[in-house]
Amino acid sequence: MAAILVNVVKSLDYVVRYITLKTGRTLLVSLLVIFLILLVRKALDGKKGGKASSTRLYLRVYLWALLIPVPFMGTLKISQESFLWRKYIYVFLYENVMGTPLWGWLYFAGMAGMALWFLIRKVRLIRRVRNLPVFSPEDSLQIHRGKLKNVTVRLNPSLVTPFSMGIFRPVIVLPEVMIRQFSEVEIQGILQHEYNHIRHGHLILYFVFDCFRIIWFMNPLIHLCSRWMKDDLELLCDQDTIHFGKISPDAYGMLLIRSLDCIDGSQKEDQEQIKAMPALAARRSFRVMKRRIQLIAGYEERRGKQTAAMGAMTGVLVLVLFVLINQFSFPVYTPFHDFSMYSHDAKQVIFMNDPEFNSAVQMTGDGILVQNDKVKKLLAKTDKRYDKEDYFWIYYGGYMKQPGIGGGGGVVQYQPYETEQSVVHISYNKMHWTDVLRDWVFRYM
């Protein structure tokens, strides 16, 4: 039982070290990509207080898609094969941080804690929303049935902002007070705004960014970017609500102000629960609300062909990035074709990356063939002299996942001086099926 536990711990250490190494490298890449996104995003803002077209708003949102390929950049070759100073940095980080099991476990604990926090908040919100009464706006409002056919609208007795949630079963939650106090056109505008979040796939973007915040929880920029991305989505939905809805820019601006006024600031627990949801008028900074009102006041009809073309170009760019990542990354694993020989206590390396020794050893279907005379000559060139009883370990097979981490293969015991045969055949050690399964998992992990 103790041996099994030791093997399990060793296996988990390997998995943690490998995944932490990949995640740590993507975290470094994410910093560079985020700086690029923020730089372009700032340029799209234009002059302070100036107008921003809906085309620019769409482009700001599409910029965040550049983060999608980053989690898959953990095996890029360029980070250690190009630029000598990067190689030294990589080795330092691997030896002192990413390659150390302790740091790996701490990183995993951080990811698990962040994921658990998100999950608890989500489960609490889902349970609460499921208990809310269903509202059928199509029975009392002139809203196209096809739009809300797959969307459930529920009424919330709390004085919190309207919001939408649910990727597979989308739900729009409205406070009851708005149904009583707002006009039919205003309710349509609110539903249109939340429906735009669902129609554009913003709920999926929220989920993706939550995943980014989990795997890169140590990157403070990703938490700030999550907030900025949500602000961009709200600005975009404001424009689309005016474009697709039956409400003027002036009326919609007043609707935002009235909606914000309806939110009771004392309902802190409710506000915290929906903080991560797309919401019409969530309490945020004055700067954000001012920006929304400014853009609504300067509303211009968007050009559908331009935004569609930008969306298509963004999709193509992301696909190209995935192709390039695949092209310039290490394969899932790289088999080792070299052989190594160690002393009997495995503390001393006798031969490693030695072409002459490699030429003297050959793998066959049932064992290792060793040209004994040739190995003896190689041993004679070393400083130490060996006796008949001396034996060694020959390591064969194995694979590399990426520089600094690999595994697999096997070892056989080899005694060159106990026989006069010119060629020695050494049978492979039989592996337990659990070792075979573990090796297969590690190879394709």
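How far apart are the end C-alpha atoms of H5, and what should its 30 residues span at 1.5 Å a residue? The end C-alpha atoms of helix H5 are 42 Å apart, which agrees with the 44 Å that its 30 residues should span, where the expected span of a helix is 1.5 Å times one less than its number of residues. The model is predicted, so that local features need pLDDT of at least 70 and side-chain atom pairs count only at pLDDT 80 or more, while totals for chains, interfaces and linings use all residues. Residues are numbered from 1 along each chain as its sequence is written, and side-chain values use heavy atoms, with hydrogens and water left out.

**The chain as a whole**

- The secondary structure of the protein chain comes to 17 helices and 14 strands; here helices (H or I, at least four residues) and strands (E, at least two) are DSSP runs, numbered from the N terminus.
- Of the 445 residues of the protein chain, 44% count as buried, where buried means under 20% relative accessible area, exposed means over 50%, and partly exposed lies in between, with a 1.4 Å probe and protein chains only.
- Among contacts (heavy atoms within 4.5 Å) in the protein chain between residues at least 6 apart in sequence, 72% join residues at least 24 apart.

- S1 and strand S2 (residues 152–156) run antiparallel and are joined by two bridges, and Phe135 has Val153 in S2 as its bridge partner.
- Buried residues of H5 include Gly104, Tyr107, Gly110, Met111 and Phe118.

**The nonpolar cores**

- A nonpolar core is a set of buried Ala, Val, Leu, Ile, Met, Phe, Trp, Tyr and Cys residues joined through side-chain atoms within 4.5 Å.
- The largest nonpolar core has 35 residues, of which Ile34, Ile37, Trp64, Leu67, Phe209, Trp216 and Ile222 touch the most other members.
- Two or more residues of this core come from each of helix H1 (2–44), helix H2 (54–63), H5, helix H9 (202–215), helix H10 (220–244) and helix H14 (304–327), and H10 gives the most, with seven residues.
- Not counting residues up to four places away in sequence, Trp216 touches several residues, among them Thr23, Leu27, Leu67, Tyr107 and Ile222.
- Another core, of 22 residues, lies apart from the largest one, and Phe135, Leu174, Tyr195 and Ile247 are among its residues.

**The sheet with S6, S7, S10 and S13**

- A further open sheet of four strands has the order S7-S6-S10-S13 with antiparallel pairing, and its edge strands, S7 and S13, each pair on one side only.
- On average, and with direction ignored, neighbouring strands of this sheet are turned by 35° against each other.
- Helix H16 (residues 372–380) packs on the sheet and touches strand S6 (340–342), S7, S10 and S13, its direction making about 125° with that of S7.
- Five bridges join strand S10 (residues 392–396) to S13, and the two run antiparallel; Tyr396 stands opposite Gly410 in S13, and Tyr395 stands opposite Val411 in S13.

**Individual residues**

- Asn353 lies in the loop between strand S7 (349–351) and helix H15 (355–360), has a positive phi of about 55° although it is not a glycine, and counts as exposed at 56% relative accessibility.
- Met313 lies in helix H14 and counts as exposed because its relative accessibility is 59%.
- The structure holds zero disulfides, a disulfide being a pair of cysteine sulfur atoms within 2.5 Å; Cys211 counts as partly exposed at 31% relative accessibility, whereas Cys225 counts as buried at 0%.

Key:
Pairing = 2+ DSSP bridges. Axes fitted to C-alpha atoms, helices over the stretch in contact; angles between N-to-C directions.
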